[in-house]
Amino acid sequence: MTDSGIESLLQEDRLFPPSDEFAAQANAQAKVYDEGDDDFVAYWTRQALERITWFKEPTETLDDSNAPFFKWWADGELNIAYNCLDRHLETGGDKVAYHWIGEPGDTRTITYQQLSDDVNRFANGLRSLGVEKGDKVAIYMGMVPELAVAMLACARIGAPHSVIFGGFSAESIIDRVVDQDAKVLITCDGAWRRGSTIPLKDNCDTAMESTPSIEHCIVYERTKQDISMTEGRDVWWHDLVADQSTNCEPEVMGAEDLLYILYTSGTTAKPKGIMHTTGGYITGAVTTHSLVFDIKPETDVYWCAADIGWVTGHTYIVYGPLANHTTSVMYEGTPDYPEKDRLWSIVEEYGVTILYTAPTAIRAFMKWGAEYPKSRDLSSLRLLGSVGEPINPEAWMWYHEHIGSSNCPIVDTWWQTETGSIMISPLPGVTTTKPGSATKAIPGIAAEVVDKAGVPVPLGSGGFLTITKPWPAMLRSIYGDDDRYISTYWSEYEGRYFAGDGAKIDEDGYLWILGRVDDVMNISGHRISTMEVESALVSHPAVAESAVVGAADSLTGQAIVAFVTLRRGFEDSDDLNDELRKHVAIKIGAIARPKSIIFTPDLPKTRSGKIMRRLLRDISENRSLGDITTLANAEIVSAIASQAEALRSED
Ligand code: WT7
């Protein structure tokens, strides 16, 4: 290792080569890597021309004359809603676009033709309110099909949308609406969550006291709860579309016209409005969706169990699957309502073939126990995906065995809101996987791990993950702040996109994402990733989930403090505490042995399911906690804090 990199301790030797059967039918064949490497611009341009229907095909390709403000196919013209809907209708209008399942148990089956009719009517409705190309539309809804309808209607008329996750507060709506001067806000009366409702419209009402740019608020009726409607400003969705025609001429969009802004929720700083444009984004979405998920539009029932409020839902629930004419499942609620087998009952009922979820969900399934998936028939599944955080090898194995019956390839997909589409992932049928590794950059993408000086590290070492060539679905800037775009992503390492993640590259050239570099610890001068210590802990049969932080220590600079959640059937005790510390030392080395372990029933998470290590660091170092309202489970924090306090007084 180099002193300026990150040390890597975790050893994982299990290998999972693709089966012959899967390989024989796979969309991706090994030669796509060569095609992507030979000439990445030609490779992506071929994808753009073959997979997308253009009103005017581009003659320009990559324009890097004003880097890092790259342009792709700038003289091409297209419309994304046309690509997601119209082009499928002649032969495939009857095909199901979404099997939608409401949390209370109501269901809807929506064909491409019906979705198209809804989108056209709503797009005409937006136009009737004066929304024109370039006007910004904010969307704050639950997981109802109308959320996808609203996005596609915006895309149809060229009004950039900005989806605000339905779990966010009125304050978050204000920040985002004000930043972009949105003209219209689309919401629901409320959203179902574990049998009760979230007051979406009430939150909008509070927000709209401070958002002068909003001219209209459109309200879709979902929960039928009491809300107030302000005359002249607020309009019911059903009234707006009642007399609209199912014909709405799509706007002709330039490839570099803005499609959407999606804000990344920074925990402290102002949220960044990540800008995605039209031609490059949809090319990245359809290509990766087809190759990474091996989509067979005729037979697959595909389910990305994310929320559309995150980029995962934008790219892999709405744009990628629809442009690929896929049949998807869309589910409104949480995995544990009304029972902890909800996802598995849906897989069984709809014959889901491809499931894409997050490590945080997989670790919850592990904690609840294997009897829930076992009680259902999951034999329709043929491919599994993971996204959002590093997946610990043991969680990977659990997913493989208990959900995939040991015969589904797993694609661990690394990407970001900023990258727009998947960047690092196995190609199923081609790549031999290793539990916990996202493997390699996909064809047409170039990733390198570098040290502090920006020099690629040798195989077997850790460092900082960078992307060395532009790619079609990349963010174009931060809305209203080009300087911040440059300083955040392009200034750390000359000529490279820096994602903010640590990674190691192993002897075979496989990439192992080590998590955000802010989470790297420094123990007696050794830079160690929290993720590896967490993975070592999760490899113990008693542990379901763990979060590790480096807390200031007078002796070692930082000392490792581990927060641990146990699997069902295990009790915390001093013996187990010792055993776990020893287990880590054996698994990855004495340097990584936690100084203390704190047992807790749950870990503090952001609403997108990421563990909030910053907060745990504050708790460990006895600092005041600041704003915790962005947490999904704020109530757990005081319990953890008092445990930590008790531990300190023992010392
Ligand atoms: C950050 C981006 C991309 C959709 C969801 C998250 C982490 C994401 C992986 C993975 C390890 C991962 C990274 C990344 N991350 N996928 N497969 N393995 N880490 O989007 O909220 O923009 O977060 O999520 O730290 O930088 P996001």
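This is a predicted model: local features need pLDDT of at least 70, side-chain atom pairs count only at pLDDT 80 or more; totals for chains, interfaces and linings use all residues.
Close-up 1. To find S406, look in the loop that runs between α15 (393-403) and β20 (410-412). The backbone is worth a look here too: phi of S406 is near 60 degrees, which is positive although the residue is not a glycine.

**Close-up 2. K224, a second residue with a positive phi.** Here the loop to look for is the one between β11 (216-220) and β12 (234-236), where K224 is found. K224 is not a glycine, yet its phi is positive, at about 60 degrees. Is K224 buried or exposed? K224 counts as exposed, because its relative accessibility is 63% and the cut-off for exposed is over 50%.

**Close-up 3. The cis peptide bond between A67 and P68.** A67 and P68 are joined by a peptide bond in the cis form, with omega at about 5 degrees. If you are tracing the chain, P68 sits in the loop between the strands β1 (62-63) and β2 (71-72).

**Close-up 4. The cis peptide bond between Y337 and P338.** Another cis peptide bond links Y337 to P338, and its omega is about -5 degrees. This time the loop connects a strand and a helix: P338 lies between β17 (327-331) and α12 (342-350).

**Close-up 5. The shell of residues around the ligand.** Let us turn to the ligand. Which residues come nearest to the ligand? They are D412, T413, T417, D501 and R516, out of the 16 residues around the ligand. By type, the shell is made up of six nonpolar, five polar and five charged residues.

Close-up 6. A polar backbone atom of G388 is 3.1 Å from a nitrogen atom of the ligand. E389 also places a backbone N or O atom 3.3 Å from a ligand nitrogen. With K610 the side chain takes part: one of its polar atoms lies 3.3 Å from an oxygen atom of the ligand. On its own the ligand has 550 Å² of accessible area, and the protein covers 89% of this.

Key
Residues are numbered from 1 along each chain as its sequence is written. Side-chain values use heavy atoms; hydrogens and water are left out. Helices (H or I, at least four residues) and strands (E, at least two) are DSSP runs, numbered from the N terminus. Buried means under 20% relative accessible area, exposed over 50%, partly exposed in between (1.4 Å probe, protein chains only). A residue is near a molecule or strand if one of its heavy atoms lies within 4 Å of it. A polar contact is a pair of N or O atoms within 3.5 Å; within protein, one must be able to donate a hydrogen and the other to accept it, and residues adjacent in sequence count only if both atoms are side-chain atoms. Accessible areas come from the Shrake-Rupley method with a 1.4 Å probe; for residues, only the protein chains shown count as cover. Ala, Val, Leu, Ile, Met, Phe, Trp, Tyr, Cys and Pro count as nonpolar, Asp, Glu, Lys and Arg as charged, and the others, Gly among them, as polar.
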